[in-house]
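Q: Can you walk me through this one? I'd like to start with a pocket.

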Amino acid sequence: MSKPKLLIVEDDEGLCSQYRWAFPACDVLLAHARAQAVALVKRDIPPVAIMDLGLPPDPDGVSEGFATLSEVLRIAPQTKVIVVTGNGERQHALRAVATGAYDFCEKPVAIEVLRTIIDRGLNLHRLEDENRRLLAAPARSPIERIVSANPGMLKVCRDIEKIATTNVPVLLLGESGTGKEALARAVHDLGPRAAQPFVAINCGAIPENLLESELFGHERGAFTGAVKQTIGKIESAHKGTLFLDEIGDLPHPLQVKLLRFLQDQIVERIGGRQKIQVDVRIVSATNANLEDKISQGVFRGDLLYRMNAFTIRIPPLRERGSDIMLLANFFMNRFNQEFGRSFRGFTEHATHAMNGHEWPGNVRELENRLKRAVVMAERRLIDAVDLELAVPGAELPDLDIRGARLRAEREVIQEALLRSNNTLAVAARLLGISRPTLYGLLDVHGLGHGLEAISADVGETTVQCDQG
């Protein structure tokens with residue numbers, strides 16, 4: 001394997017020679033000024049760089065060093081820059097780290113310490129590079145445009161693959177933003193009609209007086225303004241797939257006409273008398289409860305039964321667990337490339353906020369929040385503020401293992417006491433421990449107060465019963 005490249009940005013020739021021989025495991029690149037450093041970074045994109053802040057034309061100050069640092073990080077944000085500062089200039093080192101430097105080392109430089117920092121930087125760069133490759137091709141589902149590792153969502157994708165080869169109507173049920181159109185297109189693309197048209201129409205976005213014409217078309221002169229013959233969406237989808245989004249908003253008169261079409265696959269344009277035979281597969285979707293609409297008399301039950309030969313229920317994002325962060329990283333990397341940004345990830349507060357958010361807009365909301373954050377954020381990591389999300393509970397959850405075990409233990413003991421009506425002998429049996437052990441645990445968790453008297457009363461009653 002080739003040696004990893006190590007960029008040295010230093011104007012002291014003697015120190016450069018020392019660096020060159022001190023790191024034989026690296027391919028050392030030397031630069032004495034900003035222009036040289038920028039050229040080498042553009043050409044080689046080194047994983048690690050050592051940079052002195054005192055560079056010409058300001059060797060006694062730090063202005064040129066910080067300008068070089070900013071430009072290097074702009075060109076190669078993944079490069080781990082180790083800043084070398086003079087003794088007593090810790091404030092400059094901290095400022096450099098806040099700017100984006102990986103670490104700092106004070107002069108006089110201890111080579112062994114610096115070698116350790118470089119090794120750690122190379123290791124981190126390798127891990128981040130591997131992580132970026134994995135995120136660039138995340139654990140996708142079998143369906144194009146669907147990114148998921150959630151078992152429920154993966155089952156939806158497998159079901160889509162199975163029914164795509166059939167020719168029966170499909171009904172997709174799910175909240176807005178869950179990917180209904182992407183799945184509808186997958187039904188089309190994975191089936192025998194993939195080479196034919198995929199025509200989508202949103203039944204809730206078109207006024208009722210225009211929707212019939214959009215679906216079925218019209219003849220010239222059929223109504224005021226109909227100056228030419230127009231082919232409807234159904235006819236346009238001949239031999240292909242028609243996707244009826246928000247089918248629950250379809251007006252009642254059009255439900256009758258659509259039902260007739262589903263029965264015999266024949267359409268009549270408005271104002272026309274010719275019956276036109278078409279061959280169209282119907283995929284419909286809604287975020288409404290159609291059964292409730294049927295009971296309210298606003299949706300036809302026979303139309304529902306025609307459309308839902310296969311019904312697919314799509315889980316909302318809040319029920320998909322780790323998919324939230326999987327999708328967040330996917331969108332962050334996509335928008336990094338689109339907008340030329342270089343965000344590395346998310347702060348702990350951002351992660352906590354995303355996992356605690358209800359996501360009423362589902363994947364579409366997450367995508368839009370990430371797009372806004374990537375454009376507007378100013379730090380290297382995206383924070384909850386950039387996502388315009390509040391951190392639930394104001395404090396991050398305690399991840400201490402011992403504390404988590406104690407909390408779980410306390411909850412189980414409380415549940416056992418509740419089930420046993422505070423009878424310690426029964427509670428101990430439920431917990432699978434002895435009564436002395438339970439007494440000890442009650443003391444540890446501060447639960448013993450008031451239970452001793454109950455235990456004593458139970459014991460006296462037991463004795464009296466035995467004597468009787």
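Q: How do the residues lining the second largest pocket divide into nonpolar, polar and charged?
A: Eight are nonpolar, four polar and eleven charged. Asp, Glu, Lys and Arg count as charged; Ala, Val, Leu, Ile, Met, Phe, Trp, Tyr, Cys and Pro as nonpolar; the others, Gly among them, as polar. This is a predicted model: local features need pLDDT of at least 70, side-chain atom pairs 80 or more, while totals for chains, interfaces and linings use all residues. Residues are numbered from 1 along each chain, and side-chain values use heavy atoms, without hydrogens or water.

Q: Which element gives the most to that lining?
A: Helix H13, with four residues.

Q: How many residues of H7 are buried?
A: Seven of its ten, so H7 (residues 180-189) is largely enclosed by the rest of the structure. Buried means under 20% relative accessible area, with a 1.4 Å probe and protein chains only. Helices are DSSP runs of H or I, at least four residues; strands are E runs of at least two.

Q: What do those buried residues pack against?
A: Helix H6 (151-164) and strands S6 (170-173), S7 (198-202), S10 (241-245) and S13 (281-286). Contact means heavy atoms within 4.5 Å.

Q: New topic. How many disulfides are there?
A: Zero in the whole structure. A disulfide needs two cysteine sulfur atoms within 2.5 Å. For Cys 26, the nearest cysteine sulfur is that of Cys 105, 15 Å away.

Q: Is Cys 26 buried or exposed?
A: Buried, with a relative accessible area of 11%. Cys 203 is buried too, at 2%.

How values were computed:
Buried means under 20% relative accessible area, exposed over 50%, partly exposed in between (1.4 Å probe, protein chains only).
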